[in-house]
Structures are given as C-alpha cells and as structure tokens.
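My notes follow in the order in which I checked them.

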Amino acid sequence: VIKAALWCGLNGIDELALAPLGSNPFADATPRFFQSFEDVLNLATSHNVRITRPFADLHKADVMKLGRDLPLELTFSCIAPVGGLHCGACNKCAERREAFRAVGCVDRTQYA
C-alpha cells in the first residue's frame, strides 16, 4: 500500500481508493490512521493525494452482495495462504466462508 501510495503521489494521481471493511478491528483500518497516512503521503510527495475508503461502512457479506455476479473465486483474502491457495483455516477464510453462506452464494474458492 505504501509503495502504491507513493507512486500515486509522485505521478500526479489525485485519489487512491483502498478497501478496508467496517468489520476490521485493527488500528490501521481506522479513519484516524488513514488521515495520518494521507498527511504523511502528501508531505513526502509534495502532492495532494486523497485516500478514500469506499467499503469502510461495509462488512464482507455486504461486499459479496454487491459483487455476487462477479467471479469472487478470483479474489483473495487469506492471511495464511498455502501454495497460493486460501488456507481455509484462518479467521479471514472463516469470514469469507460465512459471507458466502450469508448471501446464499456458492463458494467456488479453492482452499488448501
């Protein structure tokens, strides 16, 4: 993310959209963090890049509802991949599986 943000600032791009979800409990997903990150980015590049978080008020099931007609099996959310596949055991894989169930979509994800 840092590399992409710096690239944006150095190449005159005015907006960078990131996708942390509202259910993310970590400090690096808060509005305060992203405002500070934006401030540092703009100081470092002498350019005004606005960081937006279009999914900040959504949960994984909300996003799956929005993308239910897209090839969601091509998305990746695992934090402990095995051989390039979702591990199927971490909390992000569990959240993913639950979101598929919640929206009534078949989970075509390949798990290790």
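**Entry 1: charge pairs**

I started with Lys92, which forms a salt bridge with Glu95. Their closest N and O atoms are 3.3 Å apart. I count a salt bridge when a side-chain nitrogen of Lys or Arg is within 4 Å of a carboxyl oxygen of Asp or Glu. This is a predicted model, so local features need pLDDT of at least 70 and side-chain atom pairs count only at pLDDT 80 or more, while totals for chains, interfaces and linings use all residues. Residues are numbered from 1 along each chain as its sequence is written, and side-chain values use heavy atoms, with hydrogens and water left out.

Where do Lys92 and Glu95 lie? Both are in helix H4 (residues 91-103), three residues apart, about one turn of the helix. Helices (H or I, at least four residues) and strands (E, at least two) are DSSP runs, numbered from the N terminus.

Lys92 is partly exposed at 21% relative accessibility, and Glu95 is partly exposed at 22%. My cut-offs: buried is under 20% relative accessible area, exposed is over 50%, and partly exposed is in between (1.4 Å probe, protein chains only).

How many salt bridges does the structure hold? I find three.

Helix H4 also carries the pair Glu98 and Arg101, again three residues apart, about one turn of the helix. Glu98 and Arg101 form a salt bridge with closest N and O atoms 3.4 Å apart. Glu98 is partly exposed, at 41% relative accessible area. Arg101 counts as exposed, at 56%.

The remaining pair is Arg50 with Glu15, with closest N and O atoms 3.2 Å apart. Arg50 is partly exposed, with a relative accessible area of 46%. Glu15 is partly exposed too, at 40%.

**Entry 2: the chain as a whole**

I count four helices and two strands. From the N terminus on, their order is α-β-α-β-α-α. The C-alpha atoms fill a box of roughly 45 × 30 × 25 Å, taken along the principal axes.

The chain has 112 residues, and 31% of them are buried. I also looked at contacts (heavy atoms within 4.5 Å). Among those with a separation of 6 or more, 57% join residues 24 or more positions apart.

**Entry 3: nonpolar cores**

Which residues make up the largest nonpolar core? I list seven: Leu16, Leu18, Phe34, Phe37, Leu41, Val49 and Ile51. Helix H2 (residues 31-45) gives the most to this core, with three residues. By my definition, a nonpolar core is a set of buried Ala, Val, Leu, Ile, Met, Phe, Trp, Tyr and Cys residues joined through side-chain atoms within 4.5 Å.

**Entry 4: the largest pocket**

The largest pocket has a volume of about 390 Å³. I use a 1 Å grid over the protein atoms alone; a pocket is an open set of points where a 1.4 Å probe fits, with protein on both sides within 12 Å along at least five of seven lines. Lining residues have an atom within 4 Å of a point. Grid points are joined across faces, edges and corners, and the volume is the space filled by probe spheres set on the points.

The lining has 18 residues. Closest to the pocket centre are Ala19, Leu21, Lys60, Phe76 and Ser77. Helices H3 (60-66) and H4 are the elements that give two or more residues to the lining. By type, the lining divides into nine nonpolar, five polar and four charged. Here Ala, Val, Leu, Ile, Met, Phe, Trp, Tyr, Cys and Pro count as nonpolar, Asp, Glu, Lys and Arg as charged, and the others, Gly among them, as polar.

**Entry 5: the loop between H3 and H4**

Is Ser77 buried or exposed? Ser77 counts as buried, at 16% relative accessibility. Ser77 is found in the loop between H3 and H4. Leaving aside neighbours within four places in sequence, I find Ser77 in contact with Lys60, His86, Lys92 and Arg96.

Gly84 is found in the loop between H3 and H4. Gly84 is exposed, with a relative accessible area of 60%. Gly84 and Tyr111 are 27 residues apart in sequence and 9.4 Å apart in space, C-alpha to C-alpha.
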